[in-house]
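Open the model in your viewer and keep the selection tool ready. This tour moves from stop to stop.

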Amino acid sequence: MVDWELRPASAADVEAVAELRAVVLRAEHFYLAQRLQGGGIGAAVLRELLERCDRDGTPVRLNVLRGSPARRLYERHGFTVDAEDPVDVFLVRAPRMIRDEGMSM
């Protein structure tokens, strides 16, 4: 798997993100270059972001195009269907409780 890290966006990223968005939005809404899809990077990034949301108690909502293979990725990470329309499937995931490692059970 390719190494990756999160960093804040900068003004220098505008053109690259705009181009990536234009390419990716043709097939699905997850911003991962097509050549990198299917290698576990998307799942790793999603897992990291969901862990942050779990710590903050934040529910996560998103939408995928009907028929998009990305839906399976989200469902594997606990998302369920909230609503659908002719184009999109709207998914939601409630925050999971994170056990405090300092507590004994």
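Which residues lie nearest the centre of the second largest pocket? Select Q37, G38, A70, L73 and R76. They are among the 15 residues that line this pocket.

Before going on, some ground rules. The model is predicted, so local features need pLDDT of at least 70 and side-chain atom pairs count only at pLDDT 80 or more, while totals for chains, interfaces and linings use all residues. Residues are numbered from 1 along each chain as its sequence is written, and side-chain values use heavy atoms, with hydrogens and water left out.

**The pocket**

Stay with the second largest pocket. About 280 Å³ of space lies in it. A pocket is an open set of points on a 1 Å grid over the protein atoms alone, where a 1.4 Å probe fits and protein lies on both sides within 12 Å along at least five of seven lines; lining residues have an atom within 4 Å of a point. Now colour α2 (41-56) and α3 (70-76): each supplies at least two lining residues. The largest share, four residues, comes from α3. Helices are DSSP runs of H or I with at least four residues, and strands are E runs of at least two.

**Salt bridges**

Remain on α3 and show the side chains of E75 and R71. They meet in a salt bridge, 2.9 Å from N to O. The term means a side-chain nitrogen of Lys or Arg within 4 Å of a carboxyl oxygen of Asp or Glu. E75 and R71 are four residues apart in α3, so about one helical turn separates them.

Next, select E84 and R66. Their closest N and O atoms are 2.9 Å apart, in another salt bridge. This pair links distant parts of the chain: E84 is in strand β2 (residues 80-84), and R66 is in the loop between β1 and α3.

Then pick D13 and R7, also joined by a salt bridge. Is each one buried or exposed? D13 is buried, at 16% relative accessible area. R7 is exposed, at 53%. Buried means under 20%, exposed over 50%, and partly exposed in between, with a 1.4 Å probe and protein chains only. The structure holds six salt bridges.

**Strand β1**

Select residues 60-65, strand β1. V60, L62 and V64 form its covered face. R61, N63 and L65 form the uncovered one. V64 has V89 as its bridge partner in β3.

**Last stop**

Finish at W4, in the segment before α1 (14-24). W4 is partly exposed, with a relative accessible area of 31%.

Key: Pairing = 2+ DSSP bridges. Points joined across faces, edges and corners; volume = space filled by probe spheres on them.
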